[in-house]
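Notebook open, structure loaded. I want to look up a pocket, a sheet, the helices on it and a salt bridge.

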Amino acid sequence: MSDYQTMSMYSSIIAGLCRLGLQSIARVKVSGLDDLPQDGPLIMAANHASNVDPPMLGGWLSPALGRRPTFLAKEALFKGPLGVLIRSLGAEPVKSGGSDIGAYRTAKGILDKGGVVAILPEGTRSFDGVIGDPKPGVSMLATRTGTPIVPVGLSGTDELMAREQTFPKIGASVTMRVGRPFTLSIPKGADRREALEAADAELMRRIASLVEPRHRGKWEPWPEE
């Protein structure tokens with residue numbers, strides 16, 4: 001079995017420390033962790049408003065999946081204590097700007113081995129907690145590989161630790177809602193650029209349906225199935 005399909009004791013300890021740390025400073029609510037795929041390639045995609053997002057995702061998703069997701073995060077985060085933490089969670093650096101063929105190849109290689117890739121499609125933290133536009137790459141990866149995507153909505157992480165904050169706001173309420181897996185595809189004969197834009201919009205709308213209204217911005221929630 002591939003290393004990407006298992007979870008080591010070290011990974012379990014790190015995930016447990018993330019949960020313990022977040023629960024000690026915030027009121028955390030998590031839902032939707034039941035019945036997540038326990039094997040096969042998977043893309044986890046979440047909105048991004050705070051530096052606590054990766055530890056929150058890794059802390060709860062890793063044990064629920066029974067395997068450690070590999071995070072694709074911008075290079076600037078791989079510095080200092082935060083860099084040490086996200087590397088321990090299995091993060092891989094991505095060049096800022098969103099167009100990184102190296103990141104695509106890394107992600108595809110993990111998926112080809114049946115692993116889980118966790119991506120923050122916006123590429124950077126929101127300034128105001130509102131979901132922004134996705135960077136190129138996630139929909140392309142999903143449509144080319146046929147990999148299911150699990151959307152994840154994070155609410156309140158910007159109140160716990162906003163972009164300009166140095167220290168967390170103790171006692172803030174944060175929520176993580178995990179949606180159902182879905183797949184993206186490009187219809188036969190469709191214009192590829194337009195189809196990828198439509199796929200991007202679907203992805204962000206599915207994430208928007210999992211967050212509190214103040215985070216949604218221009219993204220109308222995807223209708224419940």
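My residue classes first: Ala, Val, Leu, Ile, Met, Phe, Trp, Tyr, Cys and Pro count as nonpolar, Asp, Glu, Lys and Arg as charged, and the others, Gly among them, as polar. This is a predicted model, where local features need pLDDT of at least 70 and side-chain atom pairs count only at pLDDT 80 or more, while totals for chains, interfaces and linings use all residues. Residues are numbered from 1 along each chain as its sequence is written, and side-chain values use heavy atoms, with hydrogens and water left out.

I looked up the second largest pocket, and its volume is about 400 Å³. Its lining has 16 residues, with Gly179, Arg180, Ser209, Leu210 and Glu224 the closest to the centre. By class, the lining splits into 7 nonpolar, 4 polar and 5 charged. (A pocket is an open set of points on a 1 Å grid over the protein atoms alone, where a 1.4 Å probe fits, with protein on both sides within 12 Å along at least five of seven lines; lining residues have an atom within 4 Å of a point. Points join across faces, edges and corners, and the volume is the space filled by probe spheres set on them.)

**Sheet.** Strands here are DSSP E runs of at least two residues, helices H or I runs of at least four, numbered from the N terminus; two strands pair if DSSP finds at least two bridges between them. I get an open sheet of 7 strands, ordered E1-E7-E6-E2-E5-E3-E4, with mixed pairing. Which strands stand at the edges? E1 (26-31) and E4 (91-94) do, each with a single partner strand, so one side of each has no neighbour in the sheet. E6 (149-155) and E7 (172-178) run antiparallel, joined by 4 bridges, and Gly153 stands opposite Arg177 in E7.

**Salt bridge.** I count 6 salt bridges, taking a side-chain nitrogen of Lys or Arg within 4 Å of a carboxyl oxygen of Asp or Glu. One of them joins Lys108 and Asp112, at 3.0 Å from N to O. Both sit in helix H4, 4 residues apart, about one turn of the helix.
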